[in-house]
Structures are given as structure tokens and as C-alpha cells.
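Please look over the structure shown below before reading the briefing that follows. The notes after it are grouped by topic.

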Amino acid sequence: MTSAIVFVGAELQHPHAAADPGRVATRRPPGIGDVAFDDVLDAARAHEPWACRRLYDGYAARVLGYLRAQGAREPEDLTSEVFLRVFDRLDQFSGDEAGFRSWLFTIAHRILIDDARRRQRRPQTTMLGVDVEAHAAGDVEHEALANFGAEWADALDRKSTRLNSSHGY
């Protein structure tokens, strides 16, 4: 008989082994489970670095994933902006952990929209390469012939020759 292995926390255990309730995965992000969410939130409101770090560590990866999934061009930068705004406005939040997640992702979504609007208003810049500099110093006559073709140039030459001969040039 083969025995199945079940993944619990960071260890592999047999399915009939007693489960350790402290090791069972919760919906709470890692690192927040050992302190009640309300205590972490209160400490973050008091600008305690450990509490702010726990909130960031617990939710930053999820926010980053959301921003990437939405097609943000610079999701890491936007994640930083989200948490700066969250910590700046933490006193305005009231609610439980589920409400906090909802509030956090609402802020992330609004920052994503703000970034898209900002990019639409801002002109796109491109880097000039060596290739552009080589074309800038090129021969205008050669470029015209390359763009319009030799047939066009021959036709233009014939017309100018006829005009010149009809006017006595």
C-alpha cells in the first residue's frame, strides 16, 4: 500500500498525522498570522515600522500581481505608490481585514487608472540610436531616389529637359 503525502506549511506530512492548527494555511498573508490583524493595523497607524513592514510584506506581492495582470508598464513603481498612499491614509480606513484588502485593491486600481491617464497625456519619447544619426548626415538626392525610385527620377529629368529646351535654357 502506498501512502499519500500532503503538503502542510513548509513540511511534508502523512495524511493521517495530526494537523498542527498553527501550521494550517489561512487566508491571511504570511507574517500577519502571529499577531491579530487589528493589532497590526493599530500599530501601523501609530507609524510602527514593524507593523508597516508586515502589511507591506503581506500584501505587496498580491498588489504587484494584480498590477501586472492589468498590464501596468511599471508595476513595481505603482506598487510602491499604492503603499505610500495606503500608509498616508491609514487613519481614514475603518473595517476588518477583508475590508482592508478591498480598500487596498481599490487604491491599487485607482493608481493604475491614474497612471494610464498620465501616460496618455505625456508624449512618448524614443531614444535616438546610431542609425538615426547616420541617416541625418546622408545624401538627400540618394534618399529621394531610394524613396521614389529611379523611374520617377528619370521621368522628372525628362520633363525638366523638355522644359529647359522649350524655354531656351
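**Briefing on the predicted model**

Phe148 belongs to helix α6, which spans residues 140-148, where helices (H or I, at least four residues) and strands (E, at least two) are DSSP runs numbered from the N terminus. The model is predicted, so local features need pLDDT of at least 70 and side-chain atom pairs count only at pLDDT 80 or more, while totals for chains, interfaces and linings use all residues. Residues are numbered from 1 along each chain as its sequence is written, and side-chain values use heavy atoms, with hydrogens and water left out.

**Surface patch**

- Phe148 counts as exposed because its relative accessibility is 53%, given that buried means under 20% relative accessible area, exposed over 50%, and partly exposed in between (1.4 Å probe, protein chains only).
- Together with Trp152 and Leu156, Phe148 makes a nonpolar surface patch of about 340 Å²; patches are made of residues with over 30% relative accessible area and no salt bridge, like charges being joined within 9 Å and nonpolar side chains (Val, Leu, Ile, Met, Phe, Trp, Tyr) within 5 Å.
- Accessible areas come from the Shrake-Rupley method with a 1.4 Å probe, and for residues only the protein chains shown count as cover.

**Salt bridges**

- Side chains of opposite charge can pair when their charged atoms come close.
- The count comes to seven salt bridges, each defined as a side-chain nitrogen of Lys or Arg within 4 Å of a carboxyl oxygen of Asp or Glu.
- Arg53 and Asp57 meet through their side chains in a salt bridge, at 3.5 Å from N to O, and because they are four residues apart in helix α2 (residues 49-69), about one helical turn separates them.
- Both partners of that pair are partly exposed, since Arg53 has a relative accessibility of 48% and Asp57 has a relative accessible area of 46%.
- Glu74 and Arg119 form a salt bridge in which the closest N and O atoms are 3.6 Å apart, and this pair links distant parts of the chain, with Glu74 in the loop between α2 and α3 (75-88) and Arg119 in helix α4 (residues 97-121), 45 residues apart.
- Glu74 is partly exposed, with a relative accessible area of 40%, whereas Arg119 counts as buried at 18% relative accessibility.
- A salt bridge also joins Asp115 to Arg118, whose closest N and O atoms are 3.4 Å apart; both residues lie in helix α4, three residues apart, or about one turn of the helix.
- Asp115 is buried at a relative accessible area of 9%, while Arg118 is partly exposed at 29%.
- A network of salt bridges links Glu74, Asp115, Arg118 and Arg119.

- Helix α1 (residues 37-45) has Phe37, Val40, Leu41, Ala43 and Ala44 buried, and seen down the axis of α1 its buried residues fall within an arc of 165°, so they line one face of the helix; the arc is that of the directions from the helix axis to the C-beta atoms.
- The cover over the buried residues of α1 includes α2 and α4, and just after α1, His47 takes a positive phi of about 65°.
- The largest nonpolar core holds 26 residues, of which Val82, Val86, Phe100 and Leu104 touch the most other members, and the elements giving two or more residues to this core are α1, α2, α3 and α4.
- Such a core is a set of buried Ala, Val, Leu, Ile, Met, Phe, Trp, Tyr and Cys residues joined through side-chain atoms within 4.5 Å.
- Leaving aside neighbours within four places in sequence, Leu104 is in contact with Tyr59, Val63, Val82, Phe83 and Val86, contact meaning heavy atoms within 4.5 Å.
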